[in-house]
Amino acid sequence: MNMITIWMLNPGIELVLGTRVKSVDVKRKTLLTATGETISYKILVVATGARALKLEEFGVNVLEAENVCYLRDLADASKLVNVMQSCVGGNAVVIGGGYIGMECAASLVINKINVTMVFPEDHCMPRLFTTKIADYYEDYYKGKGVKFVKGTVLTSFEFDSSGKVTAVNLKDGTRVPADLVVVGIGIRPNTSLFEGQLSIEKGGIKVNGKMQASNSSVYAVGDVAAFPVKLFGEIRRLEHVDSARRTARHAVNAIVEPEKTDDFDYLPFFYSRVFGLSWQFYGDNAGEIVHFGDYSGKSFGAYWVKDGLLVGSFLEGGNKEEYEALAKATRLKPSVENLTDLENKGLSFSVEICQKSLPSSPIVGVKNSTDIVQKPLHVWHATAGVIFAASVAGFAYWYGRRRRRW
């Protein structure tokens, strides 16, 4: 959605809601709204986020069924809550085994809805989880009643006379009854306003360490920004609320105090809290994998080692101090000489690395594992609030009043 919010340094802040940006002229530094109004800017911050991929893009006809839901913004969340309330004790099919799929499935179960997850990969969270890690969570979900149908995709729906979906048909011939369908099959960054005007990389707007695009008057933050990750020396586009918040904060600092703002130095960070589980991941899941801990218990993890250096780490069931140690060790990228020793040491390896290192700045992104999501329906509003805040479509910032109407 190409919505805008206008920020003015003086005399205050002007908020423009319900206004769609139709086009942007980066060279002239103007925005054209759907109502025909032209807005000029000195500095433009693009926070257009991303849109949810729709089933129609994969040839599946949904017919605007009211019980087929996505989760990307507040309206999506409100619709999902309403449908959930109407089908307690019924059957939900979750399409997709990624972040949205896993967290939605947990909330549906908590709200007493039977869940079947469908995805084409061999295991859940394939972009992050190893097979061993995925097996643990899939087994846990199965213990909560969740069913998994893997290695196949949705091909069609069955509808009743009112247009509601009653079942989903899969490519392998399976038919799954459904009172509710939740779709989480990925996103696409909202870059269309800027294609041909700004450099695009990794599907997003390419920015430098100040979050500044190829045109110096434009900054990009959140899901739409592809920024340099200093730790790995390459451009990344990250899809997580922590990255969205921190890129936004850094862009503001770079705009207001450019001479005092260093290049963005971010440790990639992801986390999730569902049921009684809580995991955090830092760095990069590249290279050789070393699992550690008790995978039959409540606390375990994994390291990723590339070119002899620790580059990524994962921990389930840690406390604040343990997560901090993991994050700090990953940022330090210590050398690893023996993978077997690393496996045997497990979490203590990170603790030892931190004890040997000099004091450093506080580790950002560490979450308290005691904040477990175990609450019904209203969790959707909280989730949507975060998503909505992280991907507010766009806002312009400039010094003084420079808004003109033609």
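Predicted model: local features only at pLDDT ≥ 70, side-chain atom pairs only at ≥ 80, totals over all residues.
Let me start with strand 17, residues 204–206, and strand 19, residues 225–229, which run parallel and are joined by 2 bridges, where strands are DSSP runs of E with at least two residues, helices are runs of H or I with at least four, and both are numbered from the N terminus. Two strands count as paired here if DSSP finds at least two bridges between them. Within this pair, Ile205 stands opposite Ala225 in strand 19. Residues are numbered from 1 along each chain as its sequence is written, and side-chain values use heavy atoms, with hydrogens and water left out.

The two strands belong to an open sheet of 4 strands, in the order 16-17-19-20, with mixed pairing. Strand 16 (200–201) and strand 20 (234–236) stand at its edges with a single partner strand each, so one side of each has no neighbour in the sheet.

Lys202 lies in the loop between strand 16 and strand 17, and although Lys202 is not a glycine, it has a positive phi of about 55 degrees. Most residues other than glycine have a negative phi. Lys202 counts as partly exposed because its relative accessibility is 46%; on this scale buried means under 20% relative accessible area, exposed means over 50%, and partly exposed is in between, with a 1.4 Å probe and protein chains only. Met211, in the loop between strand 17 and strand 18 (218–220), also has a positive phi, near 70 degrees, but Met211 is buried, with a relative accessible area of 0%.

Now to another set of strands. Strand 23, residues 288–293, and strand 24 run antiparallel and are joined by 6 bridges, with a hairpin leading from one to the other through 6 residues. His291 stands opposite Ala302 in strand 24. On to the next pairing: strand 24 and strand 25, residues 309–316, pair in the antiparallel sense over 7 bridges, and Tyr303 has Ser313 in strand 25 as its bridge partner. The hairpin of strand 24 and strand 25 has 2 residues between the strands, and Asp307 there takes a positive phi near 55 degrees. Of the 7 residues of strand 24 (residues 300–306), 6 are buried, so this strand is largely enclosed by the rest of the structure.

Among the residues lining the largest cavity are Tyr99, Phe129, Tyr137, Tyr141 and Trp279. Helix 2 (99–110), helix 3 (131–143), strand 21 (269–274) and strand 22 (277–283) each supply at least two residues of that lining.

Finally, the aromatic rings. The whole structure holds 25 aromatic pairs, where rings of Phe, Tyr and Trp (its six-membered ring) pair if their centres lie within 6.5 Å, and planes under 30 degrees apart count as stacked, over 60 as edge-to-face and the rest as tilted. In one of these pairs, the ring centres of Tyr141 and Phe275 are 5.2 Å apart and the planes are at 80 degrees, so the pair is edge-to-face. Tyr141 lies in helix 3 and Phe275 in the loop between strand 21 and strand 22, so this pair ties together parts that are 134 residues apart in sequence. Tyr141 counts as buried at 1% relative accessibility, and Phe275 is buried too, with a relative accessible area of 2%. Ring pairs also link Tyr99, Phe129, Tyr136, Tyr137, Trp279, Tyr295, Phe300 and Phe314 into a cluster.

Key: 1 Å grid on protein atoms, 1.4 Å probe; cavity = no way out; pocket = protein on both sides within 12 Å on 5 of 7 lines; lining within 4 Å.
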